[in-house]
Amino acid sequence: MSVGADGFIGVFDSGLGGISVLRDMVAELPHERFHFFGDSANAPYGDRTAEDILSLSRAIVRRQLDEGAKAIVIACNTATAAAAAPLRSEYPDLPIIGVEPALKPAALAFPCGRILVMATSTTLALEKFQRLVLRWGSQAEVIPVACVGLVDLIEQGDLSSPEIRSLLEELVGPYRGTVDAVVLGCTHYPFVADIIRDVVGGAPLFDGGEGTARRLHEVLRARGLLAKAEAPGSVSFSSSVNTPSEIALYQRFFEQ
């Protein structure tokens with residue numbers, strides 16, 4: 001299975017949200033080859049069962065391995081919570097990096113504060129998130145908000161649409177000026193970070209992208225899988241919605 005340091009890093013998400021994590025990883029590891037797959041045909045994962053998410057994730061990982069991946073990044077909070085542990089058991093020699101809501105840095109920054117966690121319904125319901133709250137939110141007041149419908153609007157590509165602001169006003173507007181920090185617990189949400197910050201009244205935002213990038217760097221170094229320093233690096237995109245317009249949308253999100 002191992003393809004060595006010359007292999008690429010397979011990155012996947014339920015749609016285009018994981019591109020926010022991809023940007024952090026490319027900045028951290030500019031000499032690596034990244035292949036991003038967005039499962040937009042099955043988005044959003046946050047509305048699916050854990051079993052369904054695992055099945056979809058397993059198929060993506062198998063395909064990326066067949067194509068020559070040396071490591072996998074699950075750039076989706078929901079898929080990480082539902083699929084990372086089983087996949088690591090199935091592929092014990094494969095580096096599999098996941099993302100999770102950045103509750104730890106938020107709690108360390110505001111140990112006794114009020115922390116709003118925006119995430120999908122599935123992420124908030126799974127045991128992984130509950131353990132995260134028990135570990136890092138024991139002193140802080142953690143306020144989970146299931147942001148139903150937000151991923152769908154972001155996937156449409158118009159990040160300044162009035163529908164996005166209206167939905168955010170409905171979901172998190174009631175907490176304006178009353179929270180110390182906001183955790184963006186879905187990789188789609190950083191794309192509308194400015195609107196979220198405005199709606200909640202300027203509270204600092206925390207997301208897991210940079211931490212995921214650093215963790216990937218550490219794991220690749222420890223396993224001798226880092227690309228050579230002189231390698232040019234590259235990024236490519238594919239999607240289960242296999243149309244030129246969809247790939248162009250991915251590229252636009254990556255470049256903005």
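Predicted model: local features only at pLDDT ≥ 70, side-chain atom pairs only at ≥ 80, totals over all residues.

**Entry: the faces of α11**

I listed the buried residues of α11 and got Glu246, Leu249, Tyr250, Phe253 and Phe254. Looking down the helix axis, these buried residues fall within an arc of 135°, so they line one face of α11. On the face turned away from the buried side I found the exposed residues Pro244, Ser245 and Glu255. Then I checked what lies over the buried residues of α11: the cover includes α1 (19-28), β2 (33-38), α7 (150-155) and β9 (234-239).

**Entry: the five-strand sheet**

Strand β9 came up again in the sheet search. It belongs to an open sheet of five strands with parallel pairing, in the order β4-β3-β1-β2-β9. I noted β4 (96-98) and β9 as the edge strands, each pairing on one side only. Ignoring direction, neighbouring strands of this sheet are turned by 20° against each other on average.

I followed the pairing strand by strand. β1 (residues 8-13) and β3 (residues 69-74) pair in the parallel sense over five bridges. Across that pair, Phe12 stands opposite Ile74 in β3, and Ile9 stands opposite Ala71 in β3. On to the next pair: β3 and β4 run parallel and are joined by three bridges, with Ile74 opposite Gly98 in β4.

Next I asked which helices pack on this sheet. Helix α2 (residues 50-67) does, touching β1, β2 and β3, and its direction makes about 160° with that of β1. Helix α10 (residues 209-222) packs on the sheet too, touching β1, β2, β3 and β4, at about 165° to the direction of β4. I also checked burial in β3: six of its six residues are buried, so the strand is largely enclosed by the rest of the structure.

**Entry: the four-strand sheet**

There is also an open sheet of four strands, ordered β6-β5-β7-β8, with parallel pairing. β6 (141-146) and β8 (205-206) stand at the edges with a single partner strand each, so one side of each has no neighbour in the sheet. I looked at one pair here: β7 (residues 181-184) and β8 pair in the parallel sense over two bridges. In that pair, Val182 stands opposite Leu205 in β8.

**Entry: Thr78 and the cysteines**

Is Thr78 buried or exposed? At 3% relative accessibility it counts as buried. Thr78 sits in helix α3 (residues 77-90). Leaving out residues up to four places away in sequence, Thr78 touches Tyr45, Gly46, Ile53, Thr120, Thr122, Thr123 and Leu126.

How many disulfides are there in the whole structure? My search found zero. Cys76 is in no disulfide, and the nearest cysteine sulfur, that of Cys186, is 6.4 Å away. Cys76 counts as buried at 5% relative accessibility, while Cys112, at 66%, counts as exposed.

Conventions: Residues numbered from 1 in each chain as written. Heavy atoms only, no water. Buried < 20%, exposed > 50% of the residue type's maximum accessible area, 1.4 Å probe, protein only. Arc of directions from axis to C-beta. Contact = heavy atoms within 4.5 Å. Pairing = 2+ DSSP bridges. Disulfide = S-S within 2.5 Å. Axes fitted to C-alpha atoms, helices over the stretch in contact; angles between N-to-C directions.
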